[in-house]
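Trainee: I've got a model open and would like to learn how to read its packing. Can you walk me through it?

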Amino acid sequence: MVKAVIAIHGGAGAITRSAMSTEKEQEYRLALKEIVTRGQEILAAGGSALDAVTEAVRLLEECPLFNAGKGAVFTHQGTHELDASIMDGRTQDAGAVAGVSRIRNPILAARAVLEQSPHLLLTGEGAEAFATEQGLERVEPDFFSTPERWEQLLRARESQQTLLDHDGAAQSHSNDPLDPDRKFGTVGAVALDLNGNLAAATSTGGMTNKQYGRVGDTPLPGAGCYASNKNVAVSCTGTGEVFIRTLAAYDVAALMSYCGLSLAEASHQVVQEKVLALGGSGGLVAVDKDGNVALPFNSEGMYRGYARVGGEVDVAIYRES
């Protein structure tokens, strides 16, 4: 019998334990639990893996705690540019959008590209026009803004940093369990449904103080997102440029197919060896065709959670001792 399961992530980064309150930690854990539970319910009702990851990522986009959709970070120019992708393991079809600023839920636009467009990746105004044609909700760019993200940009500008480096001690500026200036806010989900189909989805607001027009790994199938019923579904979060160079999501699948590695072995090799070797930081969530789950990361923490149909919901933020 298929072990239907969903796993999600909400970004990886440095832990600021000294700044974290019990109340704030519980806020994050509750959000993760609610979103995993919703995906679990979809799978339990016989819903597809594609539907489960779409809804999980949409909910993550709606939650300002995470850097995707509402609460997305700012570019250096003070704008928002959001990216998303989704992949159906049954057909290996994929859809993606990049550099959008007026689509409320980029993951729904990526899903529309998958199902309604002959193309795989649409960008900017073209992606927004397509999404509008598909009846998706448009918003003004300031919909995604929050005071906390604006303050984060001002600090980044002052320090003249594009905030990717997670090395060293995290500097506390808030009550956030992960230092808001030193975390990768990409969100994602992977799932295996009761019919044995796999799917993966990833969405992000990018990185604080990034150059206008920068695109990372999130909207690139094979880099930030990959799914094939042959073996595995993967969603990544981390140093986008390194995840692109390593084709991190696909590399997990390749190691399983060509080297005969298990999910745990393949995901460990990608995150703890290949990505680190190029100076990258972050992690991924993955589920294989047998329902095994992997949630590795090489940073100090990663928002994450998973649940099997009929099982308990497990959520975590920090490294397990």
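Mentor: Let's start with I6: leaving aside neighbours within four places in sequence, I6 is in contact (heavy atoms within 4.5 Å) with V36, G39, Q40, L43, A52, A56, V190, A191, G305, Y306 and A307. This is a predicted model, where local features need pLDDT of at least 70 and side-chain atom pairs 80 or more, while totals for chains, interfaces and linings use all residues. Residues are numbered from 1 along each chain as its sequence is written, and side-chain values use heavy atoms, without hydrogens and water.

Trainee: Which residues have the most contacts inside the largest nonpolar core?

Mentor: A nonpolar core is a set of buried (under 20% relative accessible area, 1.4 Å probe, protein chains only) Ala, Val, Leu, Ile, Met, Phe, Trp, Tyr and Cys residues joined through side-chain atoms within 4.5 Å. Here the largest has 50 residues, and I6, I8, F66 and I86 have the most contacts inside it. A second, separate core of 36 residues includes M87, A200, L255 and M256.

Trainee: How do I read two packed helices?

Mentor: They are described by the angle between their axes and the distance between the axes. Take α7 (248-259) and α8 (263-277): their axes come within 8 Å and cross at roughly 135 degrees. That makes α7 and α8 oblique to each other, since angles under 35 degrees count as roughly parallel, over 145 as roughly antiparallel, 65 to 115 as roughly perpendicular and the rest as oblique. On the α7 side, A248, D251, V252, L255 and M256 make the contact; α8 brings L263, A266, S267, Q269, V270 and K274.

Technical notes. Axes are lines fitted to C-alpha atoms, for helices over the stretch in contact, and angles run from 0 to 180 degrees between N-to-C directions. Helices (H or I, at least four residues) and strands (E, at least two) are DSSP runs, numbered from the N terminus.
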